[in-house]
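User: Hey, can you walk me through this fold? I'd like to go over the sheet and then the helix packing.

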Amino acid sequence: MHSKVWTDMFVLALPMAEKILRPMAVYFFLVIGLRLAGKRELAQLNPFDLVVLLTLSNTVQNAIIGDDNSVTGGIIGASTLLVVNYLVVRFLYRHEKLDRLVEGESCSLIENGKILENRLTKEVLTRQELEAAAHKQGFGDLREVERAVLEPSGTISFTAKKPVPEETRHQEILKRLDQLSRELAQLRLRGAPPTA
């Protein structure tokens, strides 16, 4: 009884080479597939994108592990993915042009406060999704945004118009406080008794 448990847990049901090659093949397929699918999939801008990513991981699970459910097989598969990713990232770091080809380029969505509708269409983003991303980063409205860039990682970076509305209000309040302080000082001087 105990020997079967240990065998099921740690003895590989597939050859070691296959346990290494399967995750490598799936890794490169997913890198290429996600690159072709676009930055939107990585951004998870709506529930459909999230569902695709979650089901994608479940779909490729059997391709990675095959008919082997052993702990050893899982450790080999996970280790292979980590090592391949480490090597790919280091390789791309040293080869900038290839890195841009694999990861893609950033894409401006708003320039000088103007929404670039053609870029939104190209990236399959709606204005509502862009507004939702802006709200997550603390912008009340797209009119407050000077520039928005869809990064290769799928995140959207926003740059505020100068000055931001909160800063303008803050400066106005400071000016009013200074004015009130001066008026209060003048009133105190007028009401002070003469010195002998």
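Analyst: Two strands pair if DSSP finds at least two bridges between them, and strands (E, at least two residues) and helices (H or I, at least four residues) are DSSP runs, numbered from the N terminus. This is a predicted model, where local features need pLDDT of at least 70, side-chain atom pairs count only at pLDDT 80 or more, and totals for chains, interfaces and linings use all residues. Residues are numbered from 1 along each chain as its sequence is written, and side-chain values use heavy atoms, with hydrogens and water left out.

User: OK, how many bridges join E3 to E4?

Analyst: Five, and the two strands, E3 (residues 145–150) and E4 (residues 156–160), run antiparallel. Within that pair, Val-149 stands opposite Ser-157 of E4.

User: What does Gly-154 do in that hairpin?

Analyst: Gly-154 takes a positive phi near 100 degrees, in a hairpin with five residues between E3 and E4.

User: And what's the strand order in the sheet?

Analyst: E2-E1-E3-E4, an open sheet of four strands with antiparallel pairing. E2 (114–115) and E4 are at the edges with a single partner strand each, so one side of each has no neighbour in the sheet.

User: Which residues of E3 are the bridge partners of Cys-107 and Ser-108?

Analyst: Cys-107 has Leu-150 as its partner, and Ser-108 has Val-149. E1 (residues 107–111) is joined to E3 by three bridges, again antiparallel.

User: Where do Glu-111 and Arg-147 meet?

Analyst: Their side chains meet in a salt bridge at 2.9 Å, N to O. Glu-111 is in E1 and Arg-147 in E3, so this pair ties together parts 36 residues apart in sequence. The structure holds seven salt bridges (a side-chain nitrogen of Lys or Arg within 4 Å of a carboxyl oxygen of Asp or Glu).

User: Which strands does H8 lie across?

Analyst: H8 (residues 127–136) lies across E1, E2 and E4, at about 70 degrees to E4. Axes here are lines fitted to C-alpha atoms, for helices over the stretch in contact, and angles run from 0 to 180 degrees between N-to-C directions.

User: Switching to the helices. At what angle do H2 and H4 pack?

Analyst: H2 (residues 16–37) and H4 (residues 47–65) pack at about 155 degrees, axes 8 Å apart. That makes them roughly antiparallel, therefore; angles under 35 degrees count as roughly parallel, over 145 as roughly antiparallel, 65 to 115 as roughly perpendicular and the rest as oblique.

User: Who makes the contact?

Analyst: On H2, Lys-19, Arg-22, Pro-23, Val-26, Leu-30 and Leu-34; on H4, Leu-53, Leu-56, Val-60, Asn-62, Ala-63, Ile-64 and Ile-65. Contact means heavy atoms within 4.5 Å. By class that's ten nonpolar, one polar and two charged, where Ala, Val, Leu, Ile, Met, Phe, Trp, Tyr, Cys and Pro count as nonpolar, Asp, Glu, Lys and Arg as charged, and the others, Gly among them, as polar.

User: How far apart are the axes of H2 and H5?

Analyst: They're 9 Å apart, with H2 and H5 (residues 71–94) at about 45 degrees, and therefore oblique. Residues in that contact include Tyr-27 and Phe-28 of H2 and Val-84 and Val-88 of H5.

User: Last one: what about H5 and H6?

Analyst: H5 and H6 (residues 96–103) pack at about 120 degrees with axes 5 Å apart, and are therefore oblique. Phe-91, Leu-92 and Arg-94 of H5 touch Glu-96, Leu-98, Asp-99 and Val-102 of H6.
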